[in-house]
Amino acid sequence: MKTDLAGQGALADGKVNINTATGKELETLSGVGEATASKIITYRKEHGLFTCKEDLKKVPGIGDGKFKKLEDSITL
């Protein structure tokens, strides 16, 4: 049975779960707009869940610089 985790991405500590966050939740991250949020969700659908934070750098448009800005605000 598949569980839909969408919408459970914002945590009490303010971090965003990149495996479960909706587009709107991803957009709360610094430097992440609608286009980048969409790319994260598309990557997640095509490749499965992220296994470590650094996997986010595999998403087109997220390089080392953007990742460093996001790293402390995200979780799995």
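Mentor: In α2, the buried residues are T36, A37, I40, I41, Y43 and R44. Buried means under 20% relative accessible area, exposed means over 50%, and partly exposed lies in between (1.4 Å probe, protein chains only). They sit on the same side of α2, because they cover an arc of only 160° around the axis. That arc is taken from the directions from the helix axis to the C-beta atoms.

Trainee: Why do residues three or four places apart in an α-helix point the same way?

Mentor: An α-helix has 3.6 residues a turn, so such residues point the same way. Now turn to the other face of α2. Away from the buried side, it carries the exposed residues E34, A35, K45 and E46.

Trainee: What covers the buried residues of α2?

Mentor: The cover includes α1 (23–26) and α3 (64–70). Covering is judged by contact, meaning heavy atoms within 4.5 Å.

Trainee: Before we go on, what kind of model is this?

Mentor: It is a predicted model: local features need pLDDT of at least 70, side-chain atom pairs count only at pLDDT 80 or more, and totals for chains, interfaces and linings use all residues. Residues are numbered from 1 along each chain as its sequence is written, and side-chain values use heavy atoms, with hydrogens and water left out.

Trainee: What is the mean pLDDT of the chain?

Mentor: pLDDT is the predictor's confidence in each residue, from 0 to 100. Here the chain has a mean of 88, and 84% of its residues reach 70 or more. Be careful with residues 1–6. There pLDDT stays under 50, and the model has three contacts beyond four places in sequence for that stretch.

Trainee: How many helices and strands are there in the chain?

Mentor: Helices (H or I, at least four residues) and strands (E, at least two) are DSSP runs, numbered from the N terminus. The chain has three helices and two strands. Along the sequence, their pattern is β-α-α-α-β. Of the 76 residues in the chain, 36% are buried.

Trainee: How many residues does α2 have, and how far does it reach?

Mentor: The expected span of a helix is 1.5 Å times one less than its number of residues. Helix α2 (residues 34–47) has 14 residues. From first C-alpha to last it reaches 20 Å, close to the 20 Å expected. G48 follows α2, and its phi is positive, near 90°.

Trainee: Where is I62?

Mentor: I62 is in the loop between α2 and α3. At 3% relative accessibility, I62 counts as buried. Setting aside neighbours within four places, I62 is in contact with T36, I40, L56, K57 and F67.

Trainee: How is a pair of aromatic rings described?

Mentor: By the distance of the centres and the angle of the planes. Rings of Phe, Tyr and Trp (its six-membered ring) pair if their centres lie within 6.5 Å; planes under 30 degrees apart count as stacked, over 60 as edge-to-face and the rest as tilted. A search of the whole structure finds one aromatic pair. Y43 and F50 form this stacked pair, 5.5 Å centre to centre with 10° between the planes. Both Y43 and F50 are buried.

Trainee: Last topic: how many salt bridges are there?

Mentor: Side chains of opposite charge can pair when their charged atoms come close. A salt bridge is a side-chain nitrogen of Lys or Arg within 4 Å of a carboxyl oxygen of Asp or Glu. The count here is two. K58 pairs with D55, with the closest N and O atoms 3.5 Å apart. K58 is exposed at 52% relative accessibility, whereas D55 is buried at 12%. D64 and K57 form a salt bridge at 3.2 Å, N to O. K57 is partly exposed, with a relative accessible area of 34%.
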